[in-house]
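I opened the notebook on this structure today.

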Amino acid sequence: MKVLVSNDDGILAPGIQIMAKVLADRGIPAVVVAPDRERSSIGHAITLNRPLRVWHLEPGVFPPMMPAYACDGTPSDCVVIGTEELAKDVTMVLSGINRGPNLGDDLTYSGTVSAAMEGRDFGIPCHRGIPSLQKL
């Protein structure tokens, strides 16, 4: 199993770093591909009008041996680039941990939920937040 981790709060958000650490502590291979900055409430948008830039983060922000990439696109862009280019062997997409709540109508705007849905659209099981890691 290999997990793609993304979010909408940005690559340096505390929640994504916590999720990466939990996966690393359990020995679950993962790759992080997340927006370079806050992209909350952007919904399921993808970028069509300009080239996307992606860069590899230096070790130290995320657990050792866990590749991490920042992208100047949306959360959905990150999942597409992650599953199609950077980590073609992922078997699950995890999105979050979100800074704020995703309740009611907020779900339609949530980049966190949209990143998970993008994984689902590619036929990859997805979760928002931390799933029951005992099943992983």
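At what angle do α2 and α3 pack, and how far apart are their axes? I read off an angle of about 30°, with the axes of α2 and α3 8 Å apart. That makes α2 roughly parallel to α3. I note the classes: under 35 degrees is roughly parallel, over 145 roughly antiparallel, 65 to 115 roughly perpendicular, and the rest oblique. The axes are lines fitted to C-alpha atoms, for helices over the stretch in contact, and angles run from 0 to 180 degrees between N-to-C directions. α2 passes α3 in a right-handed crossing. Right-handed here has the near helix turned clockwise from the far one by less than a right angle, left-handed anticlockwise.

Ground rules before I go on. This is a predicted model, so I keep in mind that local features need pLDDT of at least 70 and side-chain atom pairs count only at pLDDT 80 or more, while totals for chains, interfaces and linings use all residues. Residues are numbered from 1 along each chain as its sequence is written, and side-chain values use heavy atoms, with hydrogens and water left out.

**Helix α3**

I stayed with α3. Helices (H or I, at least four residues) and strands (E, at least two) are DSSP runs, numbered from the N terminus. Why is helix α3 largely enclosed by the rest of the structure? Eight of its 11 residues (residues 111-121) are buried, so the rest of the structure largely encloses it. Buried means under 20% relative accessible area, exposed over 50%, partly exposed in between (1.4 Å probe, protein chains only). The buried set includes Glu118, along with Thr112, Val113 and Ser114.

I checked both ends of α3. At the N-terminal end, Ser110 is the cap: one of its side-chain oxygens lies 3.2 Å from the backbone nitrogen of Thr112. After α3 comes Gly123, with a positive phi near 80°.

**Cysteines**

How many disulfides does the structure hold? I found zero. Cys71 is in no disulfide, and the nearest cysteine sulfur, in Cys78, is 4.3 Å away. That is too far for a bond, because a disulfide needs two cysteine sulfur atoms within 2.5 Å. Is Cys71 buried or exposed? Cys71 is buried, at 0% relative accessibility. Cys78 is buried as well, also with a relative accessible area of 0%.

**Salt bridges**

I searched the whole structure and got five salt bridges. The criterion is a side-chain nitrogen of Lys or Arg within 4 Å of a carboxyl oxygen of Asp or Glu. I logged three of these pairs.

- Lys2 pairs with Asp89, with the closest N and O atoms 3.5 Å apart. This pair links distant parts of the chain: Lys2 is in the segment before β1 (3-6), and Asp89 is in the loop between α2 (75-86) and β5 (92-95), 87 residues apart. Lys2 is partly exposed at 22%, and Asp89 is partly exposed at 47%.
- Lys21 meets Asp25 at 2.8 Å, N to O. Both lie in helix α1 (residues 14-25), four residues apart, about one turn of the helix. Lys21 is partly exposed at 48%, whereas Asp25 is exposed at 54%.
- Asp36 pairs with Arg37, the closest N and O atoms being 2.8 Å apart. Asp36 is partly exposed at 26%, and Arg37 is partly exposed at 43%.

**Backbone**

Last, the backbone. Most residues other than glycine have a negative phi, and most peptide bonds are trans. Which peptide bond is cis? I logged the one from Gly96 to Ile97, with omega near -10°. Ile97 sits in the loop between β5 and α3.

Ser41 has a positive phi, near 60°, and is not a glycine. I place Ser41 in the loop between β2 (30-35) and β3 (54-56), where it is exposed at 55% relative accessibility. Met65 also has a positive phi, about 70°. Met65 lies in the loop between β3 and β4 (68-71) and is exposed at 83% relative accessibility.

Technical notes. Polar contact = N/O pair within 3.5 Å; in protein donor to acceptor, adjacent residues only side chain to side chain.
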